[in-house]
Amino acid sequence: MTLPPPHSRGWVLPSIIVVLTLIAGGLGGVWAALIVLALGFAGVTVFHLVHLYRLQRWAKSSLDHYEPLPEGIGGWGDVLAALSRREKKRVAFQTTQKQMIEQFRRMAEALPDGVIVLDERRHIEWANLRAQQWLAINLEKDRGQPLGNLVRIPEFLRFLADELNETLSVDEVAQRTLVIPSVFDTGKSIALQQVPFGRGGRLLLARDVTQYEAAARLRRDFIASVSHELKTPLTVIVGFLEMLQEAPTEMPEETREHYFDLMRTQANSMQRLVDDLLTLSALESGARAKEEEWFALTPLLQLLQQQTQALSQDKHIVTLTVPEEETQIYGVRDELASAFNNLLTNAVRYTPEGGKIELSWTINEEGRGIFAVRDTGIGIAAEHLPRLTERFYRVDRGRSRASGGTGLGLAIVKHVLLRHQGELNIDSRIGKGSIFSAILPAVRVKKA
């Protein structure tokens with residue numbers, strides 16, 4: 001055991017007592033020395049007990065705020081001063097740790113993803129707001145609860161159970177991803193991934209993949225639709241080719257020509273589909289075949305009226321109404337002509353013989369230009385209107401295919417207008433016809 005150095009203040013009081021005892025013994029004898037010694041050590045005991053009591057009271061004080069250590073006398077001063085320095089270092093360290101934890105929480109809250117901190121038993125230690133919303137977790141009530149008890153989705157429970165399998169490596173655990181519907185919002189898809197950290201702990205990361213899932217679904221539907229659209233004409237063409245190949249040589253020329261006409265019709269149908277697909281692909285890619293420019297609108301509308309009349313084969317009444325003052329449009333003329341023509345083609349296809357198709361161009365009070373196509377056709381039910389611009393969406397598949405449509409016309413219209421900061425408005429009633437309005441922003445419209 002190492003004794004304190006002689007100059008330590010802890011030796012002062014005992015030294016005084018020893019000196020006084022020796023003096024009392026020399027002056028008053030043994031009893032006087034014993035009395036002085038007893039009184040001295042009693043005083044020392046009280047002195048130490050007082051300091052111990054003050055130290056104990058400080059130790060029992062609240063940890064919520066910093067409480068300075070009591071001051072001491074003699075050796076206690078050295079001890080309490082050393083403890084005070086250590087306590088200040090501890091408080092500073094804890095303050096730094098709290099600041100780092102708070103900074104981590106702020107960073108986790110700022111992330112676009114959900115974050116859940118799990119312990120080695122997969123009990124919830126902490127979760128940011130997004131994770132709480134997506135998985136319906138109330139952190140105040142659910143902290144310390146098993147996550148599997150709160151998210152009762154079979155796939156998720158198996159995901160947690162498989163993750164606890166010791167045969168899986170850390171990398172294998174981190175690479176596994178599970179997509180589940182949000183507990184709070186079933187229309188949202190959440191991708192979950194676990195990242196090991198610490199001693200058996202896990203970070204459960206949640207990401208909103210609703211748009212990615214929707215895009216993947218659209219891609220699958222698109223491939224299926226294209227395959228279906230191409231399969232029908234190809235089947236017809238192959239069937240007739242086999243028939244012609246096996247037909248007797250004396251087949252009448254009229255019959256043979258009829259078969260060729262049918263194959264030509266199906267081939268033209270595939271050609272229109274491929275052309276529309278290429279057009280739509282170019283629009284979606286953002287590539288422009290031509291630069292935007294100002295061009296006169298009335299000559300274009302007059303040309304479209306003539307083409308519509310020719311397509312109708314004079315079975316409909318096609319009219320055009322434009323202001324007397326010429327209007328110019330800023331954009332790609334061919335793209336807008338294609339969009340307007342698709343609206344007119346649909347009007348011809350779905351308007352019975354003898355019906356009316358009215359083309360009009362107006363400029364509203366806000367300066368926006370409106371190209372409207374009004375027909376007296378069969379009309380469209382309200383539940384179909386929000387989906388009309390989807391690729392290959394048809395209200396009546398049989399009628400659409402029989403009329404020669406590819407199912408891409410309105411999708412092309414939508415993308416052309418989006419490229420020109422415009423919008424498509426559709427108003428339709430069953431049995432009363434439809435109004436398709438292509439609206440262009442005021443910055444792209446001016447009077448000549």
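**Entry 1: a starting point**

In which helix is Arg272 found? I looked it up, and Arg272 is in helix α10 (residues 253-285). Before going on, I noted that this is a predicted model, where local features need pLDDT of at least 70 and side-chain atom pairs count only at pLDDT 80 or more, while totals for chains, interfaces and linings use all residues. Residues are numbered from 1 along each chain as its sequence is written, and side-chain values use heavy atoms, with hydrogens and water left out.

Helices (H or I, at least four residues) and strands (E, at least two) are DSSP runs, numbered from the N terminus.

Is Arg272 buried, exposed or partly exposed? Arg272 counts as partly exposed because its relative accessibility is 35%; buried means under 20% relative accessible area, exposed over 50%, and partly exposed in between (1.4 Å probe, protein chains only). I also checked Leu408: from Arg272 to Leu408 is 136 residues in sequence and 10.0 Å in space, C-alpha to C-alpha.

**Entry 2: the whole protein**

I counted 14 helices and 13 strands in the protein. Of its 448 residues, 35% are buried. The protein exposes about 27700 Å², with carbon and sulfur atoms supplying 57% of it; these areas come from the Shrake-Rupley method with a 1.4 Å probe. For contacts (heavy atoms within 4.5 Å), I took those with a separation of 6 or more: residues 24 or more positions apart account for 56% of them.

**Entry 3: α11 on α12**

Next I turned to a helix pair. Helix α11 (residues 297-312) packs with helix α12 (residues 333-349) at an angle of about 35°, and their axes are 10 Å apart. Axes here are lines fitted to C-alpha atoms, for helices over the stretch in contact, and angles run from 0 to 180 degrees between N-to-C directions. The α11 side of the contact includes Leu300, Leu304 and Thr308, and the α12 side includes Phe340, Leu344 and Val348. I sorted the residues of this contact into nine nonpolar, five polar and one charged, with Ala, Val, Leu, Ile, Met, Phe, Trp, Tyr, Cys and Pro as nonpolar, Asp, Glu, Lys and Arg as charged, and the others, Gly among them, as polar.

I stayed with Leu344 in α12. Leu344 is buried, at 1% relative accessible area. Which residues does Leu344 touch, not counting residues up to four places away in sequence? I found Leu304, Thr308, Ile357, Leu359 and Val373. Leu344 and Val373 are 29 residues apart in sequence and 6.8 Å apart in space, C-alpha to C-alpha.

Val373 stands opposite Phe436 in β12. Strands β10 (residues 369-375) and β12 (residues 433-440) run antiparallel and are joined by seven bridges; two strands pair if DSSP finds at least two bridges between them. Helix α14 (residues 409-419) packs on the sheet and touches β11 and β12, its direction making about 140° with that of β11. As for α12, it lies across β9 (356-363), β10, β11 and β12, at about 20° to β10.

The open sheet has five strands in the order β7-β9-β10-β12-β11, with mixed pairing. β7 (317-321) and β11 (423-429) each have a single partner strand, so one side of each lacks a neighbour in the sheet.

**Entry 4: the antiparallel sheet**

I then checked another open sheet, whose five strands follow the order β2-β1-β5-β4-β3 with antiparallel pairing. Its edge strands, β2 (124-127) and β3 (177-181), each pair on one side only. Strand β1 (residues 114-118) pairs with β2 over three bridges, and Val117 stands opposite Trp126 in β2.
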